[in-house]
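Work through these exercises with the structure open beside you. Try each task before you read its solution.

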Amino acid sequence: MDPSLARRRFLLGAGALGASAFAVACTSNESGGDTPQQVAQGGEDNAQPGKQVTIGFSAPAGDHGWIAAITKNAKAQADAFKDVTFKPTEGTNDVNQQISQVESLVNENVDVLVILPFDGKALTATAQEVMDKDIPVINLDRIFDTPTAYRTWIGGDNYRMGYNAGLYIAEQMKAKSVSNPIIGEVAGIDSLPLTQERSKGFKDALAKSGFSVGPRVAAEFTVETGEKQTANLLQGASKLDALWNHDDDQGVGVMAAIDAAGRSEFLMVGGAGSRNMMDYIKADNKVIKATVLYSPSMASSAISLARLLGQSKGVADLAEHEIPASITTYSAVVTKENVDQYMDIGFES
Amino acid sequence: MSDVTEKSTLDERPAVQTAPAKSTSGLRMDIRLTILIGVLVALCVVGYALNPAFLGETNISIMLRLAAAIGVVSVGMTFVIISGGIDLSVGSMVALSSVWMTTLATQEYGPWVMVLCALLVGLGAGLINGVLIAYGKVVPFIATLAMYASARGLAERLSERQTQVVREQGFSDFFRGDLIGIPVLIWMLAVVFAVGWVLLNRTTFGRRTFAIGGNAEAARLAGINVKLHTAMVYGLAGLLCGVAAIMVVARTTSGASTNGMFYELDAIAAVVIGGTLLSGGRGTLIGTLIGVLIFTVVNSIFTQNNLETDIQNIAKGVIIVGAVLLQTLTSRRAKT
């Protein structure tokens with residue numbers, strides 16, 4: 001099977017599971033369950049070619065692996081459909097510029113817009129104006145300030161990312177019967193809400209087993225800061241049992257610091273799901289044993305959704321006639337056991 | 001050799017005889033302008049050939065609204081550079097003004113206080129630059145470099161690195177709206193340029209700016225209060241950053257400490273390709289306006305045809321060097 005198609009199917013499935021908004025009872029034919037008859041099926045066969053759709057795409061500059069993968073995935077997904085014309089704009093970290101790009105795309109009469117804003121709040125008014133012109137906007141990850149500014153939001157789950165990392169570490173600690181584990185955390189930029197959510201999820205999950213976060217530093221999502229902050233953390237903690245690093249892009253620096261310090265007494269969990277971390281997990285020869293997903297494959301899903309929106313189709317296998325207004329991707333824990341299954345969505349950092 | 005002597009006499013022309021004497025440099029200014037306009041027109045033709053929608057009303061509006069904030073900043077930069085200085089802090093002052101005007105405390109007082117706040121913060125920061133440079137004798141590069149760092153730092157502190165959304169609907173309604181069919185932002189750009197042009201070319205303030213940039217010592221001997229005037233020029237640049245902040249906040253309906261990144265580079269580039277001498281004493285606002293427009297048009301061509309930004313940055317560099325080289329070459333030829 002075409003890998004991107006497989007990825008899309010997998011993701012749509014995962015996304016659907018994660019979305020709490022719709023409580024659809026069994027719609028597949030196999031599971032009989034309580035409902036003897038299928039109520040509805042929104043999408044028929046989504047893969048069937050339909051009406052030609054022009055999708056405009058705008059994202060920040062690809063200055064780190066994750067964002068670069070977002071743009072790459074979106075393009076690859078669009079190329080996989082014969083009925084999609086893809087109009088990307090080059091990434092920019094200047095909101096003023098991104099607003100112009102969005103306006104230009106509207107001027108070029110795109111049918112659907114996919115926007116990952118540099119700053120969700122700063123792009124809200126512009127997106128609202130686009131929606132007011134009856135052009136559906138798919139908001140990718142960084143959320144707009146008002147829900148009416150997007151037709152559908154698809155993004156990651158920062159709280160659950162931390163939560164699942166915490167659950168995994170707690171489970172490993174119990175399996176190794178470490179009673180009072182020293183658990184470290186390398187966070188991202190602390191003032192960002194996403195970092196705060198991740199840390200809260202992590203703390204909450206550890207608390208369920210009576211554990212808590214020990215040494216903690218905050219890097220800035222870059223390799224350089226990851227290295228520097230981790231070196232500091234290792235300096236201060238002579239012994240660790242586990243370490244969670246929020247972000248695999250900065251993880252390159254985190255790993256470098258761990259190697260430089262010659263430390264290997266603990267297990268490390270990453271975040272986001274980069275290809276090189278997955279390679280390490282698979283090879284099982286470094287401290288990193290798992291990573292929790294916050295996958296840029298959401299960009300592939302966003303393009304699929306944009307296509308369906310443009311063709312007025314729902315998501316196949318869901319009973320809804322319309323595309324849901326909000327989809328949260330699931331932060332699965334990737335370990336040595338299941339890493340092969342996730343290799344296709346690992347991104348280059 | 002005659003070239004050299006001619007140049008030196010030109011540079012030493014009496015500083016008080018300010019606006020460039022028409023007989024000597026008027027013609028050269030015209031050649032520079034003609035080249036610039038030629039480049040702009042050529043770019044527009046390229047844009048139109050690649051995509052006919054390029055010169056449509058909507059795209060022109062998109063381009064001018066994008067150019068508005070940087071255009072206003074460039075007006076202030078033109079004054080500063082003509083006076084022989086440089087201002088590296090404009091982007092940070094835009095950020096600080098945009099944050100200060102959108103704090104909850106400011107928003108409570110309504111849209112016009114927000115506007116006033118942006119103007120005062122910009123003016124204040126600019127005057128601090130000016131006083132440090134004029135009275136503290138700090139080199140402009142260093143004084144404004146310090147403001148570059150600290151204004152953004154203060155902006156980050158005030159906003160706690162959060163984006164502050166404008167809840168004051170009246171502000172957005174007015175500044176995002178149209179006035180007689182033309183977006184308010186474009187009006188603001190036009191008014192700032194018009195007022196700036198009159199100020200530079202038709203008032204004593206403008207003549208003194210040229211004089212100080214040409215030869216500060218001669219200007220002082222001629223009775224100009226150089227210190228006060230220098231401080232005022234930086235104050236003006238700051239004030240215009242306040243105006244630009246209002247425009248950025250209008251476009252993004254929010255204030256953030258990340259606003260105005262690299263505005264100093266864009267503004268200096270526009271001023272320089274507009275034919276203003278970095279050493280001061282000579283320059284035009286029309287040139288700056290065309291400089292800003294050239295970059296905006298390049299930008300729009302790249303966006304519309306989805307060319308990569310790295311190439312765009314290379315193109316920017318080539319345009320800066322090309323424009324300046326072309327001007328130097330032609331002005332030399334015009335003289336010999």
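**Exercise 1. Find how confident the predictor is in chain A, and where pLDDT stays under 50.**

Step 1. Recall the score: pLDDT is the predictor's confidence in each residue, from 0 to 100. This is a predicted model, where local features need pLDDT of at least 70, side-chain atom pairs count only at pLDDT 80 or more, and totals for chains, interfaces and linings use all residues. Residues are numbered from 1 along each chain as its sequence is written, and chains are lettered from A and ligands numbered from 1 in the order in which they are written.

Step 2. Take the average. For chain A, pLDDT averages 88. A score of at least 70 is reached by 87% of the residues.

Step 3. In chain A, pLDDT stays under 50 over residues 20-28. The model has 18 contacts beyond four places in sequence for this stretch. (Two residues are in contact if their C-beta atoms, placed from the backbone, lie within 7 Å.)

**Exercise 2. Work out the strand order of the open sheet in chain A, and say why S2 and S11 each have one side without a neighbour.**

Step 1. Identify strands. They are DSSP runs (E, at least two residues), as helices are (H or I, at least four), numbered from the N terminus. Two strands pair if DSSP finds at least two bridges between them.

Step 2. Read the order. The six strands of chain A run S2-S1-S3-S4-S5-S11, with parallel pairing.

Step 3. Check the edges. S2 and S11 (326-328) of chain A stand there with a single partner strand each, so one side of each has no neighbour in the sheet.

Step 4. Zoom in on one pair. S3 (residues 112-115) and S4 (residues 137-140) of chain A are joined in the parallel sense by three bridges. Leu113(A) is opposite Val137(A) in S4(A).

**Exercise 3. Describe the contact between chains A and B.**

Step 1. Count residues. Chain A gives 25 residues and chain B gives 25 residues.

Step 2. Locate them on chain A. Strand S2 (84-88), helix H3 (95-107) and helix H4 (120-132) each give two or more. H3(A) supplies the largest share, nine residues.
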